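Me: I would like a close look at one part of this model. Please take it step by step, in plain words.

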Amino acid sequence: MANKVLNYIPKDSFMHRLSGTTKLIVFLTFSFLCGLSFDTRVLLFLLVLSISCFFLSHIRLSEVKLMSMFLVVFIVMNFILLFIFNPNYGPELYGSRTVLFHIAGRYDVTLEQLFYQFNVSLKYVIGFPVAILFIATTNPSEFASSLSQIGVPYRISYSVSLALRYIPDIQTDYHEIAQSQEARGVALGKDVKISERIKNSVKILMPLVLTSLNRIDEIANSMQLRSFGKNKKRTWYMQKKMTASDYLVIAFCVVLFVVGMIITNQGGNNLYNPFI
Amino acid sequence: MKPIISFKDFSFQYNAQKNPTLKHINLDIYPGEKILICGASGSGKSTLGNCINGLIPFSYNGKIDGSLKVDDIETKDSSIFELSTKVGTVLQDPDGQFVGLTVAEDIAFALENDCVEQEKMFAETLSAARKVSIENRMNNAPYDLSGGQKQRVSMAGVLVDKVRILLFDEPLANLDPATGKSAIELIDQIKKETDTTVIIIEHRIEDVLWQKVDRIILMDDGMIVSDCDPAALLRSDLLKKYGIREPLYLTQLKYADVDINNIEGIDCINDLKLDDKAKKQIVKWYTSQEKPEHINNNSNILEVEHIDFRYESSEQILYDVSFAIKKGEMLAIAGKNGAGKSTLCKVICGFEKQFNGKILFNGEDISNASIRKRSSYIGYVMQNPNQMISQAMIFDEVSMGIRNIGLSEEEIKERVYSTLKVCGLYEFRNWPISALSFGQKKRVTIASILVMGPEIIILDEPTAGQDFYHYTEIMEFLCELNRKGITIIMITHDMHLMLEYTTRSLVFYDGRLQADKSGSAVLCDEDLVDKASLKETSLFKIATDVGIKDPVSFVDCFIDYDKKERSHGKQSS
Amino acid sequence: MKNDSVQKVVATGIGAALFFVLARFVAIPSGIPNTNIAFQYAIQAVFAVLYGPVVGCLSGFIGHVLTDMSWGGVWWTWAFATAVYGLIVGFFAKKINIKDGNFSKNEIITFVVANLIANAVAWILVAPIGDIVIYKEDASLVFTQGFVAAAGDFIFAVVIGGLLLYGYTKTIAKSGSLDKE
């Protein structure tokens, strides 16, 4: 139990050999470009790129099955919800209306709506391979140093490392506390009244919080005794040296971002409108 | 020679407390010395350690009087960072100290904070890891390591700083006996290799004395009550007076009326040289003892048949475990960390459901009963009371387990009160739990299980981290429950507990039940002791030294005699 | 206290770990179909009150991003809203002064008000607007989601967070003038 927090899959591939910092920059570039742009051409290009990166990593789809299934379910749900809530948002957005067929009431299936929802789904899909890639090919030990290298203060970066370090411990704590409380009649199942469920959950969370607070004091002491916070900077044992390919990839990200934004904002807003 | 640590009329009072915790301490420690600081809980020994490493006053606020110099620096004018380059501290809890995601990162932690360059860091980390023989595990995460390995990493993590003083705060508290023994050996080896000054804070004298120390400082109530070499302290009666358990072999010699002032090597069981006279006295004592026998003819209350268990997609943890426990027994489950002891108990209590095999309670199959159902037959008490207590008030905490089972408020009150009386907590019934001592909190957790009326209680390490006084208090309480007819099962690696308070021990290693016999028989079985990560008792060594053919019976006699002596002592005092 | 800053670094890390564990592995049905009680926000509120706005903000943000990453995609707008939530509750922490062991009427009112404001800003303002700007999501959809989230998290954070804080103050209460009876 509790052995893998994030799904790091050690392998030897081009993506694995890149430094964590580079991969973080790739991840952020994709996240932000994909967030800021609604230009279908840019998004499609990103999709092609992110899928090719995925193949470069030698990660097999079966290794990330659970996450992929979650994504598919999410996108389908979101697709349906978007339509139910406002089937006419697409036409409004693109300023034209091409009805394909009529369902009922205000529910027309329009080309614009489908195109709009296609774009939204595209955004979610693009994020996925890159996020998976970042998680699967980056040793969690490199997270903190990568964050610190892109300018996050080291104290905050170290908090991330501490979170990854103590998640398994806290998970074990939670299970043990919940089991021993269950033996004393603390139930949280569906057959328990909601007010009772809340009260019972406090009976599990209270010991969990209190032991966590003790832990915080202990860890803080031990970190101070080993000079944490002594200097304005710190070095990182697990930091990977930047290589030529790292610099190339980073340069590519910068170009990608700039060009992507230029294309996106060509028409005065961030939409690509094929309906004009 | 100039002392490396020097307390001059030093007192300290925590801000939150009414009285000083340390009072007028005068103590000099010289470079290269190996010092043991002992004392009961609350004697101030850990506070003294925290003054040396700078946690006091830089992390815990309070008022300092007098002077403390560490390597010629007045600590209160220094900083925790400056002090940490002189004093390396290995804290009691290895999980709190292990902050890195892997062994290598954790060892390198101090170097990272000192902005050491990566190349240099790799070299220094590796060399520190070699000193504690953990260099083959550099990429392991903490949860892949045993308690002993984590402690080694902690040691390496302070050794990278090239400190002049090493401070160990209760290094044995979380280790099984064999690991504790090798920890003590490792400390000794590091001291010799690096020429550091070593300070060990512990109350388990016998285990620390496995390797020689130069001086023992005995503390009580914030003061130093004795400061002398180990032999002199052991020959005095100060240990008993201040609530520290003396080494078993020493107690044995005293019972046999051996004149300990004339015995050589009294301060370390390895060096102990018994002369012919002493040997004769011991044999005489032994032959004069009645050989105790424990027979339990009750029916079986719990039967475990062919249990196999594995967590989903991981290695098998239990293999074909079968045993029976008789009503009214008090027994120990012992073995290495990770041998499957806790898992077995979780299976018995129904916490883990996916297993093969059968569990019978009073002859009835309960393999499929729910956790809640089983808790009315079998109660489980966790090691750390803080993980069980969720209420502010004692009454609420204890009554939790009998709510929602159809009892009236009056009936609940009655049952809680009678349980509190049994547990000696009745007079505290309206107190907040936060006002209780650790031992009392433990009792609250036991009461909160007992109130549900189980016939068996399983306790995970009931006495972990407790000094002799609290250990005795908790164990005597459990004995009392046992006399009232409750069957008690304890997961433990405390060998004193196995010897003194149980009639039988189930020993596990590699997921299998490997032995089922009395504690004394277990601890006199060298092969078993070795494989289950236990440590043989010093009484066994005496028995073999003296030439007694049946060391098990010798140990039994001692325990029996000791019990009588102690209860006698209690009555007269 | 002099060790405040290291303490806060650790509290941020442990707070994020708790957030992660509760968000990722603890699924207690809330009574509303397909939604679980969001314990993580109650814990985040507790940490914000105990350690202040920075810890409240960062522990939630880190916890949220890690949780999302374990599912395969970060929802930045909502992660950002989580950060805002912790930040706002943390700003009220000075008025609650929990470390003195007081959590009575005034403190409770402050805690409720803090949560009301924080939840409203985070889930009805920051998250939906972010979704509208970035994902061009439909306003009626994201505001509905925002209202549901705000209402749910408000109730659970106030009730569960409040009970936890109350319990916490009981554990630091000093024995004082207790007598055996």
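This is a predicted model: local features need pLDDT of at least 70, side-chain atom pairs count only at pLDDT 80 or more; totals for chains, interfaces and linings use all residues.

Into which domains is chain A divided?

Reply: Chain A is divided into domain 1 (1–139 + 244–276) and domain 2 (143–237). Notice how domain 1 of chain A is written in two stretches, 1–139 and 244–276. The C-alpha centres of domain 1 of chain A and domain 2 of chain A are 32 Å apart. Where they touch, domain 1 of chain A gives eight residues and domain 2 of chain A gives 10 residues. On the side of domain 1 of chain A that touches domain 2 of chain A, four residues are nonpolar and four are polar.

Next, the elements. Chain A has 10 helices and two strands. Read from the N terminus, its elements go α-α-α-α-α-β-β-α-α-α-α-α. The radius of gyration of chain A is 24 Å, while the globule rule gives 19 Å for 276 residues, so chain A is more spread out than a compact globule. Along the principal axes, the C-alpha atoms of chain A fill a box of roughly 65 × 60 × 35 Å.

Now zoom in on one helix pair. Helix 2 (residues 20–36) of chain A packs with helix 6 (residues 111–137) of chain A. The angle is about 170°, and the axes are 10 Å apart. An angle over 145 degrees counts as roughly antiparallel. Helix 2 of chain A and helix 6 of chain A are therefore roughly antiparallel to each other. Which residues of helix 2 of chain A meet helix 6 of chain A? They are A:K23, A:V26, A:F27, A:F30, A:S31 and A:C34. Facing them in helix 6 of chain A are A:K123, A:I126, A:G127, A:V130, A:A131, A:F134 and A:T137. By class, this helix contact has eight nonpolar, three polar and two charged residues.

From here, step across to the other chain. The contact of chain A with chain B takes 45 residues from chain A and 49 residues from chain B. Three elements of chain A give two or more residues each to the side that touches chain B: helix 7 (140–149), helix 8 (154–182) and helix 9 (194–224). That side of chain A has 18 nonpolar, 14 polar and 13 charged residues.

Chain B has its own domains. They are domain 1 (5–245), domain 2 (247–283 + 539–573) and domain 3 (327–355 + 367–538). The C-alpha centres of domain 2 of chain B and domain 3 of chain B lie 31 Å apart. Their contact takes 13 residues from domain 2 of chain B and nine residues from domain 3 of chain B. Helix 12 (248–255), helix 23 (538–546) and helix 24 (551–572) of chain B each supply at least two residues to the domain 2 side. The largest share, five residues, comes from helix 24 of chain B. In class terms, the domain 2 side has 11 nonpolar, no polar and two charged residues.

Chain B also holds an open sheet of six strands, in the order 16-17-18-13-19-20, with mixed pairing. Strand 16 (378–381) and strand 20 (512–517) of chain B are the edge strands, and each pairs on one side only. On average, neighbouring strands of this sheet are turned by 20° against each other, direction ignored. Strand 16 of chain B pairs with strand 17 (residues 456–460) of chain B in the parallel sense, over four bridges.

Strand 1 (residues 5–14) and strand 4 (residues 62–70) of chain B run antiparallel, joined by eight bridges. Here B:Y14 has B:G62 as its bridge partner. Strand 4 of chain B also pairs with strand 5 (residues 73–74) of chain B, antiparallel, over two bridges. In that pair, B:K69 stands opposite B:E74. The hairpin of strand 4 and strand 5 of chain B has two residues between the strands, and B:D71 takes a positive phi near 50°.

Methods: Residues are numbered from 1 along each chain as its sequence is written. Chains are lettered from A and ligands numbered from 1 in the order in which they are written. Two residues are in contact if their C-beta atoms, placed from the backbone, lie within 7 Å. Ala, Val, Leu, Ile, Met, Phe, Trp, Tyr, Cys and Pro count as nonpolar, Asp, Glu, Lys and Arg as charged, and the others, Gly among them, as polar. Domain bounds come from an automatic or database domain assignment. Two strands pair if DSSP finds at least two bridges between them. Axes are lines fitted to C-alpha atoms, for helices over the stretch in contact, and angles run from 0 to 180 degrees between N-to-C directions. Angles under 35 degrees count as roughly parallel, over 145 as roughly antiparallel, 65 to 115 as roughly perpendicular and the rest as oblique. The radius of gyration is taken over C-alpha atoms; the globule rule is 2.2 Å times the number of residues to the power 0.38.
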